[in-house]
Amino acid sequence: MTTADASESRPEDNLIELRESNDAILDQSQLQQRMQEDGYLFFRHLLPSDSLRELRYEMLKVMQDGGWIRSDTDPVEGIAEPGVQCTEGDPGYTDVYHKVYALRAFHAIAHLPEITTVIERIMGGPITPQPLKVARLWFPKYTAHTTPIHQDFVHFQGTTRNLTAWTPVGDCPVELGGLAVLHGSHKLNRVVEHQFSLGAGSLAIDIEGQRISGEWHSTNYQWGDTLIFPAVTIHKALPNLTEDRLRVSLDNRYQLQSDQIAYHMTQPHLQTMASVTWDDIYREWDSDDPLRYYWQGMPMPIIPKDDTFGNKGFDEALAMARAGSEPAIHHLRRYIARDPDSKQSRLAASVLGE
Ligand SMILES: O=C(O)CCC(=O)C(=O)O
Ligand SMILES: [Fe+2]
């Protein structure tokens, strides 16, 4: 996709262009067949760019007011304030993130018919966007914290047939750090072992160690482009290598209304990091807004979250920190900064001798 001389070769130089499926968008069996072949479907300009442009302004204005975007710039440029870097797990991230999370437009995008009709066609029955929506606000050159190689099931659970839809809020060329999928990896048809890592979700797959191979597919994303994949497709984010631009994207999940949902997917994202409630999120919304608690009354059974994956990663971080691993120490310090009295923070403090 991109070329570079060998001296400046980077992992993303070996990317293969995503297969576009706009030509098959109305053809259910073609969509299902391509999903079966590739482990993803990719559509150019699926979401309306006027809605996304409005959303981009609103999101980046909140980030500018929160000190993340240079105050002397137009927020839509997404130019990060020099010296500011934070990510999921940092208290400073959650403060601004939950202000972005309160924007109605951010939730509404996932419900647009442009996407829900396509998801319904792929899944073949009545679907719903899951209540827990996600935004990723990724600082430039903060590459140790790039989302690592993973499968979504370990984080979002419910069923492995759930679909994720990833959309940048703005153009997202490769160097800004878009999403890449491991072509055909869904054919493993199982959740593979994950271990502790920095980056969103804190869990990564060691694909070499597990002898999993394949080609990485990605693209220079444009406004409205949407990548859809099931919860066992292996994927990762590319590093944001730009000088000064923030990467802003959405990843929302969809399920059949008849399928079960894990409890945490009915709650706001990063809730455990800041104990935010839907009433907090909805504070400025109209009281009769149909998007408030829209899932209540839908038939899906709610099941408890399975903490096995996360607990294993945390135990690995403890062991690695004991052995002096800097990323693991950084991870444990975040727990302590967030909530020094939690059980995990006390374990972290005893390992770090703090
Ligand atoms: O955007 C990112 O950095 C991660 C997104 C992701 O893993 C997903 O959409 O499932
Ligand atoms: Fe993911």
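Of the 354 residues in the protein, 55% are buried, where buried means under 20% relative accessible area, exposed over 50% and partly exposed in between, with a 1.4 Å probe and protein chains only. This is a predicted model, so local features need pLDDT of at least 70 and side-chain atom pairs count only at pLDDT 80 or more, while totals for chains, interfaces and linings use all residues. Residues are numbered from 1 along each chain as its sequence is written, chains are lettered from A and ligands numbered from 1 in the order in which they are written, and side-chain values use heavy atoms, with hydrogens and water left out.

On to the overall fold. The protein has 11 helices and 14 strands; helices (H or I, at least four residues) and strands (E, at least two) are DSSP runs, numbered from the N terminus. Its radius of gyration is 20 Å, close to the 20 Å that the globule rule gives for 354 residues, so the protein is as compact as a globular protein of that length. That radius is taken over C-alpha atoms, and the rule is 2.2 Å times the number of residues to the power 0.38. Along the principal axes, the C-alpha atoms fill a box of roughly 60 × 55 × 45 Å. Among contacts with a separation of 6 or more, 78% come from residues 24 or more positions apart, a contact being heavy atoms within 4.5 Å.

The protein carries 32 positive and 49 negative charges, and their mean positions are 4 Å apart. Lys and Arg count as positive and Asp and Glu as negative, leaving out His and the chain ends, and each charge is placed at NZ of Lys, CZ of Arg, CG of Asp or CD of Glu.

Next come the aromatics. The whole structure holds 16 aromatic pairs; rings of Phe, Tyr and Trp (its six-membered ring) pair if their centres lie within 6.5 Å, and planes under 30 degrees apart count as stacked, over 60 as edge-to-face and the rest as tilted. One stacked pair is Trp-68 with Tyr-93, at 5.4 Å centre to centre and 25° between the planes. Trp-68 sits in the loop between helix H2 (49-65) and helix H3 (91-101) and Tyr-93 in helix H3, so the pair ties together parts that are 25 residues apart in sequence. Trp-68 is buried at 3% relative accessibility, and Tyr-93 is buried at 0%. Both belong to one aromatic cluster, whose members include Tyr-97, Tyr-101, Phe-106, Trp-278 and Tyr-293.

Most residues other than glycine have a negative phi. Tyr-293, however, has a positive phi near 50°; this residue lies in the loop between helix H8 (278-281) and strand E14 (302-303) and is partly exposed at 26%. Ser-202 likewise has a positive phi, of about 60°, and is found in the loop between strand E7 (195-196) and strand E8 (203-204), partly exposed at 21% relative accessibility. Asp-259, in the loop between strand E12 (247-256) and strand E13 (261-262), is buried at 8%. Leaving aside neighbours within four places in sequence, Asp-259 is in contact with Thr-159, Arg-161, Met-300 and Pro-301.
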